[in-house]
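I opened the model to look through one chain and its contacts. My notes follow in the order in which I looked things up.

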Amino acid sequence: MTTVHIPFMQTGTLAVGGRLLDLEERSVQSQADRPSSLTKGHRACQGCAEALAARWVMDTAVEESGGKLIVANATGCLEVFSTLYPESAWKPPWIHSLFANAAAVATGIASALRAQGRDDVRVLAQGGDGGTVDIGLAAVSGMFERNDDVLYVCYDNQGYMNTGVQRSSATPPTARTATTPAVGKAPGAPYGQGKSMPKIAMAHEIPYVATATVADLRDLESKVRTAMSMHGARYLHVLVPCPVGWGTSAAQSIALSRAAVESGIFPVLEARDGEIVATHPIRERVDVEEYLRPQARFAHLFKPGGEEGLERWRALAEANIRRFRLTEATP
Amino acid sequence: MREVLEGSQAVAMAVARCRPGVVCAYPISPQTHIVEALSRMSRTGELTDCEYVNVESEFSAMSVSIGSSAAGSRTYTATASQGLLYMAEAVYNAAGMGLPIVMTVANRAIGAPINIWNDHSDSMAMRDAGWLQLFAMDNQEAADLHVIAFAVAEELGMPAMVCMDGFVLTHASDVVDVPSAEDIDAFLPPFRPLQSLDVENPATIGTMAGPESFTETKYLQHMRFLDAADVIASWSARFAERFGREAGGLVARFDPDTLDRSATAPPAKWDDVTVIAMGSVLGTLQAAIEPMRAAGAHVRLVGISAFRPFPTQALRDAVGASRNIVVVDRALELGAQGVLTSCVGGALVGTGSRIHSVVAGLGGRPILASSLTAVIQRAIDGDLRRLEFLDLKEGGVPAPSLGATEVSR
Amino acid sequence: MSSHDAPPTHGLSTSPATSLAYHTGTWRTERPVYVELTPPCQLACPSGEDIRGWLGAAQEGAPGTEKAWRRIVNTNPFPAVMGRICYHPCQEGCNRGELDEEVGINAVERFLGDAALAAGWALPAPSAATGRRVLVVGSGPAGLSAAYHLRRMGHEVTVREAAAEPGGMMRYGIPAYRLPRDVLAAEIQRIVDIGVVIECSTRVTDLAQAQRDFDAVVLTVGAGIGHHVDIPAGAAAKIVDAIDVLRETAEGHPPMLGRKVAVYGGGNTAMDAARTAKRIGASDAVVVYRRTREQMPAHPTELEDAIGEGVRVQWLSTIAQVEGERLTIERMELDEDGRPHGTGEFEELDADAVVLAVGQDADLSLLEGATDISVNDGVVAVDEGTMMTGRPGVFAAGDVSPGSRTATYAIGRGHRAARAVDRFLAGLPMPAEPPAREATYARLNTWYYSDAPKQHRATLEAARRVTGFEEVMQGLDAEHAVFEARRCMSCGSCFECDNCFGMCPDDAIRKLGPGLKFEIDYDYCKGCGICANECPAGSIDMIPEIK
């Protein structure tokens with residue numbers, strides 16, 4: 001019998017691994033001896049997608065850097081649940097300074113390494129949406145415009161979850177938070193507010209900007225790999241459902257991310273030097289309801305009076321699909 | 001080599017010769033000449049193996065410094081006034097993390113009203129941040145203090161501010177002997193961080209402390225801070241030995257007659273009025289007191305070189321038996337007295353001293369030798385009040401201008 | 001340097017991975033547990049094949065082919081035969097059918113069967129000899145299945161076959177264009193090779209004597225007698241049994257049926273007879289069937305293939321009378337219960353011969369006088385659990401006993417009879433069978449399966465195939481067989497996709513290595529349920545934690 005190459009795998013690249021794949025085709029997360037840079041014993045809530053995404057991102061970055069990675073972390077859930085003295089769930093050298101300065105601390109580390117001639121050691125900064133889009137924006141923007149050699153990763157759970165689910169500028173319209181309650185004439189977060197950090201990053205024309213979710217590990221790993229293969233300022237924005245803040249069951253974090261992508265609500269894309277070069281096409285289009293309904297923060301959309309909100313969500317999804325050509329495969 | 005230099009240039013040269021790995025700053029008057037000079041040197045090659053980072057704010061300047069120091073590079077920054085306050089959160093953080101960053105503070109007033117001129121309000125606002133604060137009385141000391149500051153900070157694992165009066169020193173030219181690179185290399189040990197972000201020996205730095213460990217953490221920081229007094233004294237003594245001039249230390253003593261700086265000057269006597277001050281005003285005081293001494297007045301001068309840690313014992317030793325104290329203070333503790341006065345009061349508690357606070361030179365108001373002479377004389381005469389504002393104008397602030405054009409109604 | 005009383009401040013630093021000291025498993029209210037459920041394909045397979053298991057091995061390509069084949073022959077010694085003739089009820093059960101198209105299980109089975117024949121792989125060697133002797137009467141699929149399994153268990157097995165060649169209906173009932181004889185012969189030879197003795201042209205006529213000569217007897221004589229219906233017919237009418245047409249054709253001397261042939265019946269035998277008629281010279285073959293297409297018992301693929309070869313079907317029709325070469329056909333209609341009734345409308349049809357394919361009867365002549373062995377509805381009654389007839393030591397399986405008359409069912413019942421005989425010989429009862437939990441479609445997370453169409457086996461062009469008995473269906477090549485195997489979703493069983501391991505936010509799952517699957521570290525598992533939610537195969541249960 002001759003050996004033939006069989007391109008089709010049972011689960012293709014949709015699952016984490018698969019015994020049928022060649023070793024070199026396997027994801028970092030599928031390896032029994034993966035770095036597990038964020039290891040067990042951390043105190044993230046059940047089903048925390050941020051904890052998951054952070055391990056995925058960092059494990060790939062650790063592998064790509066040959067184990068020579070230094071991490072700067074903003075204040076937030078990720079920092080609090082991983083480093084309650086005297087315990088740390090991190091394996092790489094890791095520093096937390098303040099809420100708003102992870103990007104600048106990372107610049108400092110990168111500058112020191114450059115001064116020391118250590119071009120073998122790489123630097124990653126990470127924070128939540130608050131530390132990135134709100135309070136840390138100036139430092140992130142400064143790091144971007146100087147094109148410092150830092151990969152900045154934002155884990156976007158769309159609010160200040162660590163402090164009890166308050167609204168951030170990444171909170172989407174209509175979402176209920178502790179400071180945008182679902183009461184009154186316009187329940188939830190207002191329309192016409194908030195900002196798109198990936199677009200802001202692109203406006204800096206930095207070498208690499210990408211978005212990803214925990215619904216597609218291979219995509220996320222490949223983006224980290226791409227980012228790590230480059231130098232200069234790079235930005236990765238990862239949507240991370242928060243069961244507590246979003247009011248969902250812990251088991252749904254990945255399914256919700258999938259729904260966010262497949263409904264068109266969260267465009268998954270890659271940009272180089274400020275220009276979008278690839279978008280991740282929708283595989284099985286679903287209605288926005290599949291994303292919204294399981295989330296208690298949107299419960300008012302499914303009560304009398306919520307129809308208009310729902311329609312606006314549909315319009316948003318349509319606009320994304322049109323603008324980012326999400327139903328077309330990128331060549 | 002003795003040369004005529006602007007204070008900022010002297011400081012920049014001294015800093016460069018300390019071979020920092022990273023210099024990161026955001027421009028603010030009156031610190032600008034220092035960082036301009038360093039950025040130029042980083043491009044001309046005078047400053048090698050150094051990254052000069054232009055950032056978007058003082059907050060980021062200190063944050064970059066935190067990162068670079070944690071990554072094991074000798075790190076320098078400079079700021080002033082609003083800038084120091086804008087970075088306040090990171091200033092505390094750097095100290096808490098034990099990072100031996102050296103920062104020049106070109107002392108300047110804090111608004112509102114906005115004011116770019118000199119006083120000490122900025123450093124004083126950061127007095128409990130956990131930084132060493134070393135005050136320069138002239139440009140020579142400003143340059144020298146940076147060498148000492150790196151040595152002390154790196155031995156302790158603790159950040160240090162070198163405070164020099166904005167404009168008065170930063171923009172004034174004087175004859176300065178900036179230590180040569182060779183001499184500094186021989187004096188200042190290479191930076192060996194007590195802990196750093198090291199891929200070979202990974203550590204988690206900056207964990208969260210709960211109520212069960214926070215007090216102990218602060219207690220240890222306090223104990224380490226107390227150790228700093230000896231370390232400052234020790235490095236200052238070694239500096240004097242190597243370079244043949246005094247710089248730094250905990251307090252500056254002055255010869256009773258020549259008013260020259262002298263570590264061996266005797267303590268003040270029971271019938272002396274002791275004038276305590278820090279920064280460039282010490283020079284003015286030297287000029288004011290020397291003729292008074294010559295005329296037989298019992299006046300002594302003591303300078304505070306290390307404001308943090310506050311040199312309680314060294315100050316008591318220098319004050320000796322003197323109980324009539326005048327503190328010339330360039331920062332105001334609103335509703336109370338000068339900030340330095342409070343600290344002096346704390347140091348002399350139990351001595352029965354009469355302590356007079358003379359608030360002077362706020363927001364760049366010139367401190368005239370003649371005004372100081374008058375105040376000291378009143379202290380000798382016993383009619384100086386507990387709190388006075390030097391050269392305070394009668395009638396307060398002039399009324400605001402109505403403007404050039406009339407508003408039609 | 002100065003001495004320092006106090007240690008340096010590091011803003012509270014600590015060592016990496018020290019969080020292992022904190023056991024988050026105490027938070028859990030539900031725990032994930034790996035489960036192995038029974039897939040619908042296996043539940044639907046009358047042979048009871050571990051289809052998911054052997055497809056899993058086949059997915060590995062060349063290195064897994066023999067492993068896959070060995071998993072098939074663990075239950076069924078005829079993969080090459082069944083890969084051709086089985087009506088694959090497994091595929092009706094296949095969950096993938098709800099996603100896109102069912103997995104072509106049968107095609108992969110045939111590929112594996114053919115690969116084994118080409119490679120000359122032997123069936124597993126028998127266990128240590130038990131010294132017990134078993135007689136199997138009949139060498140059809142039930143008999144050979146029983147013989148094979150009994151032999152593997154270490155018993156001495158003799159198969160006695162009345163016909164000249166072994167194989168039963170596989171040889172005499174199924175046309176060669178569906179099952180080439182060399183394939184059948186090779187798979188039977190493999191059974192002989194492990195020590196099963198097959199004695200052909202040896203009709204067993206004395207059951208009592210057989211019982212004296214052997215420790216147990218398994219009756220698998222099949223149902224090889226054509227069932228008859230009464231049709232008013234003239235003297236010149238040529239009416240033959242379909243089963244005889246097929247047998248005689250198989251024996252190499254096909255009957256002369258003429259140019260126009262009418263086949264009466266609607267089962268698979270009717271299809272085989274019609275297609276065979278075309279191959280042995282009929283230009284026109286018409287199937288006359290009383291009911292509708294929906295009600296037809298023949299497998300849809302058989303009907304489609306027959307129509308594809310030019311066979312016509314006259315629906316809702318009965319043969320009312322045969323007179324010479326002229327048939328009178330009565331049109332039927334269905335009542336409310338779906339039963340056909342005559343309408344009184346008639347038409348005529350020319351036919352040189354009428355082939356009756358209205359069922360087959362078991363040959364029960366061996367049981368004459370055996371009053372302790374009861375016969376119900378024309379077949380031997382057996383205990384459902386033990387397969388034993390009313391007489392201890394005498395078992396029955398296949399078409400002679402109750403149940404579906406398909407080869408796959410016969411193989412499954414033959415296997416069961418072998419197990420029952422083994423227990424009987426050991427003096428033990430049949431073990432209780434745990435209830436199977438089905439891996440339903442609802443349990444799956446089908447997102448993870450790649451989109452992939454079924455690989456259809458090429459079929460010879462209809463015009464070509466009717467000219468002879470060459471095989472109609474072509475097998476899959478290696479590439480396509482592996483592709484098809486990889487469409488299996490492994491319902492209810494971990495196939496090591498690494499989702500649970502990779503997607504655990506708490507890093508609380510250990511990967512044990514290839515084939516060893518995973519283990520949950522309950523010291524740290526918080527019980528979020530992501531692993532269960534994202535398991536493609538639905539092979540993780542969340543069960544309440546009992547504190």
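Entry 1, domains. I started with the distance between two domains: the C-alpha centres of domain 1 of chain C and domain 3 of chain C are 48 Å apart. I note that this is a predicted model. The division of chain C gives domain 1 (20-36 + 494-544), domain 2 (40-121 + 444-485), domain 3 (133-224 + 362-426) and domain 4 (230-356).

Entry 2, the sheet. I followed an open sheet of five strands in chain C, in the order 8-15-9-10-11, with parallel pairing.

I then took one pair of strands. Strand 9 (residues 260-264) and strand 15 (residues 353-356) of chain C run parallel and are joined by four bridges. For Val263(C) I noted Val355(C), in strand 15 of chain C, as the bridge partner.

I also checked what lies over these strands. Helix 12 (residues 242-251) of chain C lies across strand 8, strand 9 and strand 15 of chain C, and runs at about 70 degrees to strand 8 of chain C.

I checked the length of helix 7 (residues 105-119) of chain C. With 15 residues at 1.5 Å a residue, helix 7 should span 21 Å, and the end C-alpha atoms are 21 Å apart, so the two agree.

Is helix 7 of chain C mostly covered or mostly uncovered? I found it mostly covered, with twelve of the 15 residues buried. The buried residues include Ile105(C), Val108(C), Phe111(C) and Leu112(C), and also Glu109(C), Arg110(C) and Asp114(C). Among the elements that cover them I listed helix 1 (40-44), helix 2 (51-58), helix 4 (79-85) and helix 5 (89-93) of chain C. Helix 3 and helix 17 of chain C are also part of this cover. After helix 7 of chain C comes Gly120(C), with a positive phi near 75 degrees.

I looked up how chain C touches chain A: 53 residues of chain C are in contact with 49 residues of chain A. On the chain C side, helix 3 (62-73), helix 17 (478-485), helix 18 (499-503) and helix 19 (530-534) each supply at least two residues. I sorted the residues of that side into 27 nonpolar, 15 polar and eleven charged.

Technical notes: Residues numbered from 1 in each chain as written. Chains lettered and ligands numbered in written order. Predicted model: local features only at pLDDT ≥ 70, side-chain atom pairs only at ≥ 80, totals over all residues. Pairing = 2+ DSSP bridges. Contact = placed C-beta atoms within 7 Å. Axes fitted to C-alpha atoms, helices over the stretch in contact; angles between N-to-C directions. Nonpolar A, V, L, I, M, F, W, Y, C, P; charged D, E, K, R; others polar. Expected span 1.5 Å × (residues − 1). Buried ≥ 20, exposed ≤ 12 C-beta atoms within 10 Å, placed from the backbone. Domains from an automatic or database assignment.
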